[in-house]
Amino acid sequence: MQKEIDNVKGFQDFLPPESLKRDYVKKIIEKWFNLYGFVPIETPVIEFEELMASGSEDEAVSDRFRLTDRGNRKLGLRYEFTFQLARIFRQNPNIKLPFRRYQIGEVFRDEPTSSERFRQFTQCDADIIGDSSTNSDAECIALFADILKELKINHEIKINSRKLLNSIIKSVQIRDSDAVMRELDKKEKQGVDAVKINLRKYAESSQIITLFKLLEKDIKFFKENAFDGIDELNELAESCSQHKIKVKFEPWLARGLSYYTGNIFEISSQKSSIAGGGRYDNVVGKYSARQIPAVGISFGLERLTKLVETKTEDSPKVILISISQDAEAIKLSKQLRKSNVPCTIFFDKPSKALDYANSKKIPYSIFIGEEEIGKKKYKLKNMETGKEALLTENQLLKKLA
RNA sequence: GCAGUAGUAGCUCAACGGCAGAGCGCCGGAUUGUGGCUUCGGAGACGAGAGUUCAAUUCUCUCCUAUUGCCCCA
């Protein structure tokens, strides 16, 4: 019986050139994380089910992959990183705060797939733990804005406050504010009218009308009327302008995760969301008998990579063609690599080597044969112009390095 | 998870209830120390399983995967 060969739904391979593009994007992300003073951490992919489930009634919890080991432990694959921070701070209470950590790694969700939603994806998180200042909120946004700038991705940054949205909803006497927030968050996708209709399940039409009138007001209005959470939101807006970052106040914005406690933000590009984040002051200290404030930003490597246009190099700079002079070729390759020149050696016929160089767009080839060794020189060929030159090893290194 | 659509070579696509084809790509030769062009040749596919049939890639069912919408979520 022939076995079926297929990827599991929602899991994918990355082959060149896609894999190289991912690597390129990832390196830029890591560079900026470091420039903002974040340090990397790594955590296990598998955790106890209880750790992932406890406390929060978050919907995401039901969408995680569950497993059991031979000792019958009830385990699961991590579906995000944040809950692991609570464990880490319980086990390492002496971590100096504020702690700026980043993590890039695979997370798993057993949920429906679509063209941009996978069941395994690479999540990139940067969080500032132990600082309640809104300057930290702004820095998370600024960090991501710098990444997008380098990747040349157009984007829009939206900010809101969970506290503000809650108090807006409560001010019109609607009870089920969580459900209402979930509906409001769909405005972008489904349109205002659809949202209004869906809200009838939770509120009277007069309440809905009042609610929508409020949602059209600006920050100033909410400040004058002393709505809850508006001060932090206002500070965030000011801090962003100090970073010279344009943000848009979007009172509809709710974001999915229920653990947000204050300012929230979302960055979108070409109408789809590519990053989100906010303040979650009650998660990290969950097992630690103290409150540990935190704010962070999170985004997926796949979605970001999809928006990047840059072409990436998938070839070495030089191909060494050994014409029955393997020892000499290997010796030269060592020298080139020492000088940071990526190269590969071809031990086949020269015509094959050149053909390979063409199809891989390798810019230079070097002939290493009896003739060259006799003269203690190497023949360097520019693959684009076809020009050849006999050079000594030092001349070669100088030219290619 | 539910509903719709789809799945033929590595890719893009044909045809067909009765031998499955092209272009591009790949491999090899012409060309044993010089590539891109040319030319000759080669390998390679009906997503998987079951059923109907003399005969199934084609019709039916189940499963898998992709895609769209819903639910949900980033």
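Me: In what sense, parallel or antiparallel, do β7 and strand β8 (residues 248-249) pair, and over how many bridges?
Reply: They pair in the parallel sense, over 2 bridges. Two strands are said to pair if DSSP finds at least two bridges between them, and strands themselves are DSSP runs of E with at least two residues, helices being runs of H or I with at least four, both numbered from the N terminus. One bridge joins Lys158 to Lys248 in β8. The model is predicted, so local features need pLDDT of at least 70 and side-chain atom pairs count only at pLDDT 80 or more, whereas totals for chains, interfaces and linings use all residues. Residues are numbered from 1 along each chain as its sequence is written, while chains are lettered from A and ligands numbered from 1 in the order in which they are written.

Me: Which residue of β9 stands opposite Asn160, and in what sense do β7 and β9 pair?
Reply: Ile264 in β9 stands opposite Asn160. Strand β9 (residues 263-269) pairs with β7 in the antiparallel sense, over 6 bridges.

Me: What makes strand β7 (residues 156-161) largely enclosed by the rest of the structure?
Reply: A residue is buried if 20 or more other C-beta atoms, placed from the backbone, lie within 10 Å of its own, exposed if 12 or fewer do, and partly exposed in between. In β7, 5 of the 6 residues are buried, and therefore the strand is largely enclosed.

Me: Why is Lys186 called partly exposed?
Reply: Lys186 has 14 other C-beta atoms within 10 Å, and is therefore partly exposed. Lys186 is found in the loop between α6 (177-184) and α7 (187-190).

Me: How do you know that chain A is more spread out than a compact globule?
Reply: The radius of gyration is taken over C-alpha atoms, and the globule rule is 2.2 Å times the number of residues to the power 0.38. For 401 residues the rule gives 21 Å, and chain A, at 28 Å, is well over that value, so the chain is more spread out than a compact globule. The C-alpha atoms fill a box of roughly 90 × 55 × 50 Å, taken along the principal axes. Chain A has 16 helices and 16 strands.

Me: What makes a set of residues a nonpolar core, and which members of the largest one touch the most other members?
Reply: A nonpolar core is a set of buried Ala, Val, Leu, Ile, Met, Phe, Trp, Tyr and Cys residues joined through C-beta atoms within 7 Å. The largest core has 62 residues, and those touching the most other members include Cys140, Phe144 and Val284. Helix α4 (residues 134-150) gives the largest share, 9 residues. Apart from this core lies another, of 18 residues, among them Val318 and Leu332.
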